[in-house]
Amino acid sequence: MKNNTWLKVVGLLTLVALVLIVNLVGSKEQNQVSGQEQSQEEAHKEQKNEELKNKEQENKEQENREQTASSFNFTNLVATDFEGNPVTADIFSDYDATIINIWSTTCGPCIDEMPYLESISHEFKEQNINLISIPNNISKNDETFEVAKNIIETQAVTFKNLRPTADSDFDLSLIDEVLGLPSTYIVDSNGEIIGNCIPGVLDDFKKGRIKEMINEALGSSIK
Amino acid sequence: MDNKNNTRVWIQAFTTVLTNIHIGNFFKKTIYKGKLKQICVPGLNCYSCPGATGSCPIGAFQSVVSSSRFNFSYYIVGMMILFGVILGRFICGFLCPFGWFQELIHKIPSKKYTTHKFAYLKKLKYIILVVFVIILPTVIVNVVGIGKPFFCQYICPAGVLEGAIPLALADAEIRLSLGGLFLLKLSILIAVVTLSIYFYRPFCKWFCPLGAFYALFNKISIYQYTLDHSKCTNCGMCKSVCKMDVDITKNINDKECIRCGDCKHHCPQNAIKTSSIFINQTKVGGIKNEE
């Protein structure tokens, strides 16, 4: 009986210690790597880990949760479109706001929602709001890039899709808020995120949310 | 006796915390997406639980069979077989967070009912495994050949409990977008919780595809129960205390046995023992002869 009690106490303490270690030290590092691109990222991971560790140290003084999220933004966009033309944050400047849809070639719902995105992209364009799309698993992998090309062809997508440039400052895996795919961001003409990240497949309700958030942030009155 | 059963509760609590170690994520609108998510935990524990340490075997299996690149998920199935071969349904009894959840709900004071007369429902879990986990995600695909995780999407109450509810609480946009699908699955969760008050582990008995999978391994798993026939007096105590409706004297490797140990601890003759197939070979053989 006594032995048992000791075992429980020791076990409990170990567990508490483990939980604390994982939550206080580990979570930031681990959260950065998105599941899908992992295998291709092996090589870059160490490098990134180091970068992130540096960042972490800088951030340590103000350890609030906005910190990791704010380390990612669209103002440092470095990418190419699917024809190979370079794209930077200048792409945002022609429009009052840009809706950015993050997807992946392995994500079924993301692909299923493309026709809907296509239809709302025209609707938004009339109000000077652009819609673009960025797959999160193609920057370092030519094979998945080809898959992505095929998918947008199959789905007859005409809005712009971007391929983030590998090893640039623009690293989608740093997004902390994205819980799953697809997810949608809105940025202003400078590329600053406005409103909340919208998780999941878009529908008419979420289209309404997008409009609300744009109107709220820009003081505009799009319908 | 009590002491031993206590140990099981401790193990259940430990594994539940270990399986959901990123507790901080509950407050952060995020889920852990690191390396360990490539590995499955043994029990039914939603990948999308903010705290989840690893993937759910059932979820991972569906996501791999439904992807257009792989038709069969060897490494997930390999991992599940490994768990099954070592422990069988011991996993259900000791390591599954959702199993423990149902047990905790069952502690709510009320009249408790036996599930003997619903024995035919036990087969349902195999149908769910074959149809919703294996066939539908593989067969029903979209234009580019990607299927849906049907079990996760339309049935799994653990997903609502661990994924949808905590994430909706944490994130306003998720909360706003909850719709019909959430209502469907919330109803399933409420049904399971309600049933759990009156019946012991209803989801494990009738619906769980993971339990169904491990059930197939009870007979051959390394972790085994043995019955000493020379000690057994056929008093029937083991059968009467078994909440999984198993008569262990008839079949020591019953597919429904979750190795909780109630029979072992209640046996007045100490005739039921745990062992592994490596030791006690003779006894296991002896039982087979009896059969």
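The structure is a predicted model. Chain A contains 7 helices and 7 strands, and 49% of its 223 residues are buried. In chain B, helix 2 packs with helix 6 at an angle of about 30°, while helix 8 and helix 10 cross at roughly 115°.

**Chain A as a whole**

- Read from the N terminus, the elements of chain A follow the order α-α-α-β-β-β-α-α-β-α-β-β-β-α.
- Of the contacts in chain A between residues at least 6 apart in sequence, 73% link residues at least 24 apart.

**Helix 2 and helix 6 of chain B**

- Helix 2 of chain B spans residues 57-66 and helix 6 of chain B spans residues 124-139, with their axes 7 Å apart.
- Angles under 35 degrees count as roughly parallel, and helix 2 of chain B and helix 6 of chain B are therefore roughly parallel to each other.
- The crossing of these two helices, helix 2 and helix 6 of chain B, is right-handed.
- On the side of helix 2 of chain B, the contact involves Ile58(B), Phe61(B), Gln62(B), Val65(B) and Ser66(B); helix 6 of chain B contributes Leu129(B), Phe132(B), Val133(B), Ile134(B), Pro137(B) and Thr138(B).
- Sorted by class, the contact of helix 2 with helix 6 of chain B comprises 8 nonpolar, 3 polar and no charged residues.

**Helix 8 and helix 10 of chain B**

- The axes of helix 8 (residues 157-170) and helix 10 (residues 180-198) of chain B come within 8 Å, and the crossing is left-handed.
- From helix 8 of chain B, the residues in contact are Pro157(B), Val160(B), Leu161(B), Ala164(B) and Ile165(B); from helix 10 of chain B, they are Phe182(B), Lys185(B), Leu186(B), Ile188(B), Leu189(B) and Val192(B).
- This contact of helix 8 with helix 10 of chain B has 10 nonpolar, no polar and 1 charged residues.

- Lys243(B) lies in the loop that runs between helix 13 (237-241) and helix 14 (262-266) of chain B.
- The relative accessibility of Lys243(B) is 37%, so this residue counts as partly exposed.
- Leaving aside residues up to four places away in sequence, Lys243(B) touches Tyr200(B), Lys205(B) and Asp262(B).
- Asp262(B) is 19 residues from Lys243(B) along the chain, and the C-alpha atoms of the two are separated by 8.4 Å.

Methods. Residues are numbered from 1 along each chain as its sequence is written. Chains are lettered from A and ligands numbered from 1 in the order in which they are written. This is a predicted model: local features need pLDDT of at least 70, side-chain atom pairs count only at pLDDT 80 or more; totals for chains, interfaces and linings use all residues. Side-chain values use heavy atoms; hydrogens and water are left out. Axes are lines fitted to C-alpha atoms, for helices over the stretch in contact, and angles run from 0 to 180 degrees between N-to-C directions. Helices (H or I, at least four residues) and strands (E, at least two) are DSSP runs, numbered from the N terminus. Angles under 35 degrees count as roughly parallel, over 145 as roughly antiparallel, 65 to 115 as roughly perpendicular and the rest as oblique. A crossing is left-handed if the near helix is turned anticlockwise from the far one by less than a right angle, and right-handed if clockwise. Contact means heavy atoms within 4.5 Å. Ala, Val, Leu, Ile, Met, Phe, Trp, Tyr, Cys and Pro count as nonpolar, Asp, Glu, Lys and Arg as charged, and the others, Gly among them, as polar. Buried means under 20% relative accessible area, exposed over 50%, partly exposed in between (1.4 Å probe, protein chains only).
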